[in-house]
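Reader: I've got a fold on my screen and I'd like to learn how to read it. Could you walk me through it?

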Amino acid sequence: VTGMTKLTSCASGKVYAIDKTGRLFRLVQKNLELIPTNSIIPDFDNICATLPVGKSNLILADGGKVFRFDSRKEKLEMLFEVPIAPIKTLAAVGNELVYFFFGDGIGRFGRFNLKTKELVDLGCVVSVVGAKRYAYSLSCAVTGPDGEIYFGENDRGGHLWFYYPSLKNFI
């Protein structure tokens, strides 16, 4: 799609594109027509990632801002901004918790609760199995079937990190 920076599909089955100005467009799949919505990401520079969560999508924009786009209402809302940009990864556990790494190098680990709007800085991640090792340059994440999160490093000695959120979040 010419002039668009990202495409994302929503739980509703709709597909949206984001242009270089930050405006969201709904893709009519029958004839591949793009219909502009009233949603525009403010201070738009670039979209790094989109993540379907429940019935909406999270949109990670440059500068450490995360937005939620509700495709049923075609409404955009800013959820949070981290104190140290950029956000490197996003992973959702259930329909409520979003985990992410932010900052460059040895980044910080954070959690955002979509229900309570609580933003928590969980600190730096370190492994003490074998030799002490800090998580460095984490750039991708995926949630497993049991709620575990896998984070991947993209440095020369890249490692795969596992995080198991507390079960109290699910009980």
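Predicted model: local features only at pLDDT ≥ 70, side-chain atom pairs only at ≥ 80, totals over all residues.

Reader: Where do I start with a nonpolar core?

Author: In soluble globular proteins, nonpolar side chains tend to be buried together. Here the largest nonpolar core has 16 residues, and the members that touch the most others are L58, V66, F80, I87, L90 and F100. Strands β5 (47–53), β6 (56–61), β8 (75–81) and β10 (97–102) each give two or more residues to this core.

Reader: Which element gives the largest share of this core?

Author: That's β10, with three residues.

Reader: And if I click on L58, what does L58 touch?

Author: Leaving out residues up to four places away in sequence, L58 touches A49, T50, L51, V53, V66, F67, R68, L79, V98 and L114.

Reader: Now a charged residue. Is K65 buried or exposed?

Author: The cut-off for buried is under 20% relative accessible area. K65 has 16%, so K65 counts as buried. You'll find K65 in strand β7, residues 65–70. Beyond its neighbours within four places in sequence, K65 is in contact with D43, I59, L60, M78, F80 and E81. One of those, F80, is also on the list of core residues that touch the most other members.

Reader: How about L27, buried or exposed?

Author: L27 is buried, with a relative accessible area of 15%. L27 is in strand β3 (residues 23–28), and touches V15, L32, E33 and L34, again not counting residues up to four places away. For a sense of scale, try the distance from L27 to K117: they are 90 residues apart along the chain, and their C-alpha atoms are separated by 30 Å.

Reader: How do I read aromatic pairs?

Author: Look at the distance between ring centres and at the angle between planes; over 60 degrees counts as edge-to-face. The count here comes to eleven aromatic pairs. In the pair of Y16 and F69, the centres are 4.8 Å apart and the planes are at 75°, so the pair is edge-to-face. Y16 lies in strand β2 (residues 15–19) and F69 in strand β7, so this pair ties together parts that are 53 residues apart in sequence. Y16 is buried, at 0% relative accessible area, and F69 is buried too, at 1%.

Reader: What does a tilted pair look like here?

Author: Take Y99 and Y163, with 5.3 Å from centre to centre and 55° between the planes. This pair links distant parts of the chain, with Y99 in strand β10 and Y163 in strand β17 (residues 160–163), 64 residues apart. Y99 is buried, with a relative accessible area of 0%, whereas Y163 is partly exposed at 25%.

Reader: Which residues do ring pairs link into a cluster?

Author: Y99, F101, F109, F151 and Y163.

Reader: Last one, the surface. Which residues make the nonpolar patch?

Author: I106, V126, V128, Y134 and Y136 make a nonpolar surface patch of about 450 Å².

Definitions and conventions:
Residues numbered from 1 in each chain as written. Heavy atoms only, no water. Core = buried A, V, L, I, M, F, W, Y, C linked by side-chain atoms within 4.5 Å. Buried < 20%, exposed > 50% of the residue type's maximum accessible area, 1.4 Å probe, protein only. Helix = DSSP H or I, 4+ residues; strand = E, 2+ residues; numbered from the N terminus. Contact = heavy atoms within 4.5 Å. Patch = residues over 30% accessible without salt bridge, like charges linked within 9 Å, V, L, I, M, F, W, Y side chains within 5 Å. Areas by Shrake-Rupley, 256 points an atom, 1.4 Å probe, with all protein chains shown as cover. Salt bridge = Lys/Arg side-chain N within 4 Å of Asp/Glu carboxyl O. Phe/Tyr/Trp six-rings, centres within 6.5 Å; stacked < 30°, edge-to-face > 60°.
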